[in-house]
Amino acid sequence: MARAYAATLIAVGFLAACTPEESAPLSPTAVAPTATVASRADVGALLNAARSENGLPPLNPNPKLAAAARVHAQDMASGGFFSHVGSDKSKPSQRVIAQGYSYCFAAENIAQGWKTPEQVMQGWMDSPGHRKNNLSVKASEYGAARAEGDYWVLVFGRSGC
């Protein structure tokens, strides 16, 4: 049974979804140059295509959410770990606030090992927790990043409210 579970984790490319939570602010983190913002033409377009197929409006790209995604992707790549909790113990909501994004909704998808935007988005859509984030009616914006070692982060948000 344990082997089957381990094989399943490997097969889905080590995916993890984080739902909204409240946390204290965190000071801004420097963005390392080896993390790249996934462009609207790749992850964003695939995300919005999935939302459209499900009768939902598109999400708008947001540079602050992209910065939060980039910081976390690079942190995981640099530290060789995979978690929603950063090496500095930050949570997704803290990383969003650190980039100056005032939110009433924030969520995060992470993945490691997928080689293409199509693969990672399909993996997220095949996972109930990730799919829920991708298709959340609470989100209005997103930011995405990919770091060396194929660490992917997709951050969802709604500001104000």
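Let me start with arginine 51: a polar atom of its side chain lies 3.1 Å from the backbone oxygen of serine 136. The side chain of arginine 51 also reaches the backbone oxygen of asparagine 134, at 2.9 Å. Before I go further, please keep in mind that this is a predicted model.

Where does arginine 51 sit? It is found in helix H2, which covers residues 40-53. Arginine 51 is buried, yet it has no salt bridge. The nearest side chain of opposite charge is that of glutamate 53, and it is 11 Å away. Leaving aside neighbours within four places in sequence, the contacts of arginine 51 include Leu56, Pro57, Pro58 and Leu59. Asn134, Leu135, Ser136 and Ala139 are also in contact with arginine 51.

Now the chain as a whole. It has 6 helices and 6 strands. Read from the N terminus, the order of elements is α-β-β-α-β-α-α-β-α-α-β-β. There are 161 residues, and 48% of them count as buried. Of the contacts with a separation of 6 or more, 77% are between residues 24 or more positions apart. The accessible surface is about 7800 Å², and carbon and sulfur atoms make up 58% of that.

Next, the interior. In soluble globular proteins, nonpolar side chains tend to be buried together. Here the largest nonpolar core has 20 residues, and those touching the most other members are Val43, Leu47, Met121, Trp124, Trp152, Leu154 and Phe156. At least two residues of this core come from each of H2, strand S4 (103-112), helix H5 (117-126), strand S5 (141-147) and strand S6 (151-159). H5 gives the most, with 4 residues. Another core lies apart from this one; it has 16 residues, including Ala68, Ala69, Tyr103 and Ala106.

That leaves the charged pairs. How many salt bridges are there? The count comes to 3.

One of them joins glutamate 108 and arginine 95, at 3.0 Å from N to O. Glutamate 108 is in strand S4 and arginine 95 is in helix H4, residues 92-98, so the pair links parts of the chain 13 residues apart. Are these two buried or exposed? Glutamate 108 is buried, with a relative accessible area of 1%, and arginine 95 also counts as buried, at 5%.

Another salt bridge joins aspartate 150 and lysine 115, at 2.8 Å from N to O. This pair too links distant parts of the chain: aspartate 150 is in the loop between S5 and S6, and lysine 115 is in the loop between S4 and H5, 35 residues apart. Aspartate 150 is buried, at 10% relative accessible area, whereas lysine 115 is exposed, at 53%.

Aspartate 150 also forms a salt bridge with arginine 146, where the closest N and O atoms are 2.4 Å apart. Arginine 146 counts as partly exposed, at 25% relative accessibility. Taken together, Lys115, Arg146 and Asp150 are linked in a network of salt bridges.

To come back to where I began: arginine 51 is buried without a salt bridge, and its side chain reaches the backbone oxygen of asparagine 134 and lies 3.1 Å from that of serine 136. That is what I have for today.

Methods. Residues are numbered from 1 along each chain as its sequence is written. This is a predicted model: local features need pLDDT of at least 70, side-chain atom pairs count only at pLDDT 80 or more; totals for chains, interfaces and linings use all residues. Side-chain values use heavy atoms; hydrogens and water are left out. Buried means under 20% relative accessible area, exposed over 50%, partly exposed in between (1.4 Å probe, protein chains only). Contact means heavy atoms within 4.5 Å. Accessible areas come from the Shrake-Rupley method with a 1.4 Å probe; for residues, only the protein chains shown count as cover. Lys and Arg count as positive and Asp and Glu as negative; His and the chain ends are not counted. A salt bridge is a side-chain nitrogen of Lys or Arg within 4 Å of a carboxyl oxygen of Asp or Glu. A polar contact is a pair of N or O atoms within 3.5 Å; within protein, one must be able to donate a hydrogen and the other to accept it, and residues adjacent in sequence count only if both atoms are side-chain atoms. A nonpolar core is a set of buried Ala, Val, Leu, Ile, Met, Phe, Trp, Tyr and Cys residues joined through side-chain atoms within 4.5 Å.
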